[in-house]
Every structure is written in C-alpha cells, then in structure tokens.
Amino acid sequence: MPRRSNRRTLLSGLCTAGLGSLAGCLSSVPGLDSNDSESETDVGGTDRTLKLGIMQPLSGNLESLGKPMRDAAELPIKQVRDDVSLDMDYNVVDTETSPSAGVQSAFTLVEEYPMVNGPAAADVTLQATQQVLIPYRTVCCSPSATSPTITSLNDAGLVFRTALSDRLQAIVLAQQATNDLGHDNAAILYENNDYGWQLSQAFTRSFQRTHGGTVTSQVPLKGDSNSYDAAIERARTDDPDLLLVIGYPETGGQVLTDLGGDAPEDILVTDGMQDGALHDEIDYSLDGIRGTAPLVDGPGNQTFTELFEGEYDTEPGIFTPQAYDASAVLLLANAYAGQNDGQAIGSAMPVVTTGDGKEITPNNLAEGIELAAEGDAVTYQGASGSVTFDENGDVTDGVIQYWEFDESSSGGIAEIDRVSP
C-alpha cells in the first residue's frame, strides 16, 4: 500500500532524528541497541499487538484521584478490544504518589511497554521521565501533571500531556481572587512538591504583576501531617484577606479541617482539591469555598461519560476524561506508527490529533484504530477537549472552570463560570 510505505518512511526519519543530547545516555541503556526494534515483518498492519503501560497513584496522597484515572485509562481498551483486529496488552502499576516509587514502577514497564498513560503527579512525572522513560525511549502522556516545568523538559519528543499547564490556571486564579473575591493581598499554603511550588509561583507573578496584588507569604505543607496548624499560623502572620490552598484531597483536606468553619479569610483552592468526597470528610460545610480547574468540554465528553458510568457504575471524576484521552491517543498513535517503538509512537502523536483525517471521537474509537493501522489519516477529538499538542507536547486549547463546593449539586461541585485565560 503506497500510503503505508510513505508513512513508514516518514516515521523512520523522525525516529532517528530527535534524540539530541540523549544519545550518549541511550547507548548505555540495556536492551536498546539497533537490533531491539521490531523486525520489518512485525511492523505495521492489523496483525499485531498494541502495548500500553498505565502509571497511576493507587495509594498515597492521590489515591482517591488515581483509582478513577486508572479506570478511565483502561476504558478505551475495554471499549474497543472486541471490535478491532489488533490485540491489546496493558499493565497497570502503582506510583504511590511518590517520585521514588514512580521511578521504580517505570522500570517495571519499559522493557515491554513502549508507551505509558501517566504518571499523574508533576513531581512523579518529572522524576520518572528524566530517569527512566526518556532514556528508555518510552513515550508517555500524563492526564494530570500540570506543572509548567514539564513544558521545558529536554524530552526528545516523548513527553505529552492532556492536562492544561498550571500557567493558565494561575492566571485565572489571580483574576478571580481580584475580580470576584475582591482581594488585593493573599497568602499561599502549597503542596510541598513541584506542582505546589510552581503553581504558587505562577499565581504570585500574575497576582502581583497583572493585578497589583500582594502575596504576603508562601508556606509549604511539609510531609504527611495530622495537623497543619503551624503552617496556617505562618500564613496568617501578615493578616491576609485570602488564603490560597494548593493541594491534594489528603493534604488540602487536612488544611480545611484545621482552618475550621469560622476562618476569617476567604479561601480559594485549586484543581487538585476538586473532590466532592471532601464533603464527607470534613465536619463543617464546605459550601461556597471556590476553586479553579481545567474544564472538560470535548466533543466526546458525553459519550465518555456514558461509557464510564456503564462500565464502573459511578460518575467520572476530575482528570478522568484526560486519562481516557491519553490512552486513546496513544493507541491511535501506536496503530498509525505500526510498531511498538516509543520514538515512532511519539512522532505519530501530533499526526493523529491534527489535520483533515477522519474525525475520531470516543464514539468511533475502534474505527479510528483500524483506520490508523491501515495508514489512513485520522484526527482525534477527545472527551476533555480537542487534544491538539504544541511542539512541547502540551495541549493548546483549553478553558478553566471556576467552581465551588456545593453539597446539593451532582458530585458535590457546582460550576460558577468558564474562563478563557
């Protein structure tokens, strides 16, 4: 088939070019010499196996978010495996919301799986990609690692994400702190990792430079703790009118517990705490506490929601549409690349998400995988958004949701507004 021949030639050229400064590192990685790629007879077509690793936090601070994301990451395979001619092989590992555990779990995947859905947390993603996934030429797509640091990784075209960068969320946080809540001074309590620090810094820049506000303190939430009273006391030193809490359900929930229902400050939170389950874990009403999060507004969102509820008998949670999209794009890219080679799959990621190919959504994903495997052009439109990647592997289109805790609303979260950064 002439189209397949052209496609394979293109990908071969892309795969041999882009390793840059990793060349020396790759030459010393076991099992990655020139004879390790699939042989020509195993490349392309539909008589082959798509191999996917899934790295999600099934324990630790992000357990409550990681398990639904794991479910969403598996969903595309469960959805299509009986309707496509390709075989599907996947393996799930627990990153434990820990960079060191994430590195170890990555090592268990890279010998066999050329592509990975995840990791989830930004600090885990940074360590796992730089220490394992990039050197082993494994492409990854994170559904929830939002740190701006990831944009600047020297990643040889192997690191993608379906979640928006926190640079955009910080702009909206500062805007709402000023225009909606009416404050010109704030203190920040942040998760003591790259996600928390980078978002704290980005908010501070936007709040001070764009809105003329003052950030009185930035206080890290260090380690697992049964009380963050000391951190809260430090944040309150200069009597701020607003407390911005950047955290996950476990740490951020403890901060809200320690603040109590009579805190004199307004409280603003971030996407990591958009969890309706916190209503049941805190002994006062959270109603009215507001936050921001990337909005899920893709053309395939309704189909995804129906598939998720049908498979798991529960509503999707935060970052679950992004997790579905990450797996869907990886599967399409693998099928189009025609081989279980991370660099080839990475080169195909922009190909299957842009252009004038057959539009593929969660509704016709099986058809898309078959077409991609035959070398036909496809353009994926996802559950979370359009899923168009820039040269850094970041999605380019997005809207930030401004929301509040509301126990009477579905999932305990109510939308207030949608903001384009």
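How many bridges join strand S1 to strand S3? Two bridges do so, linking S1 (residues 49-56) with S3 (residues 115-117), and the strands run parallel. Glycine 53 has valine 116 of S3 as its bridge partner.

This is a predicted model, in which local features need pLDDT of at least 70, side-chain atom pairs count only at pLDDT 80 or more, and totals for chains, interfaces and linings use all residues. Residues are numbered from 1 along each chain as its sequence is written, and side-chain values use heavy atoms, with hydrogens and water left out.

Start with the whole chain. Its secondary structure comes to 14 helices and 14 strands. Both are DSSP runs, numbered from the N terminus: helices are H or I with at least four residues, strands are E with at least two. Buried residues make up 59% of the 421 residues. Buried means under 20% relative accessible area, exposed means over 50%, and partly exposed lies in between (1.4 Å probe, protein chains only). Among contacts with a separation of 6 or more, 70% come from residues 24 or more positions apart. A contact means heavy atoms within 4.5 Å.

Now return to S1 and S3. They belong to an open sheet of five strands, in the order S2-S1-S3-S4-S5, with parallel pairing. Strands pair if DSSP finds at least two bridges between them. The edges are S2 (87-94) and S5 (159-161), and each of these pairs on one side only. From one strand to the next, the twist averages 25 degrees. Helix H4 (residues 99-110) packs on this sheet and touches S1, S2 and S3. The direction of H4 makes about 170 degrees with that of S1. Helix H12 (residues 320-337) also packs on the sheet, touching S1, S2, S3 and S4 (139-142). The direction of H12 makes about 165 degrees with that of S3. For these angles, axes are lines fitted to C-alpha atoms, for helices over the stretch in contact, and values run from 0 to 180 degrees between N-to-C directions.

Next come two cysteines. A disulfide here is a pair of cysteine sulfur atoms within 2.5 Å. By this rule the count comes to zero disulfides. Cysteine 140 is buried, with a relative accessible area of 1%. Cysteine 141 is buried too, at 0%.

Move on to strand S10 (residues 290-294). Four of its five residues are buried, so S10 is largely enclosed by the rest of the structure. Two bridges join S10 to strand S9 (residues 266-269), and this pair runs parallel. Leucine 268 stands opposite arginine 290. Five bridges join S10 to strand S13 (residues 400-405), and that pair runs antiparallel. Threonine 292 has tyrosine 402 of S13 as its bridge partner.

The structure holds nine aromatic pairs. Rings of Phe, Tyr and Trp (its six-membered ring) pair if their centres lie within 6.5 Å; planes under 30 degrees apart count as stacked, over 60 as edge-to-face and the rest as tilted. Ring pairs link Phe304, Phe308, Tyr312 and Tyr324 into a cluster.

Finally, look at serine 206 in helix H7 (residues 194-210). Serine 206 is buried, with a relative accessible area of 9%. Leaving aside neighbours within four places in sequence, serine 206 is in contact with Ala170, Ile171, Ala174 and His211.
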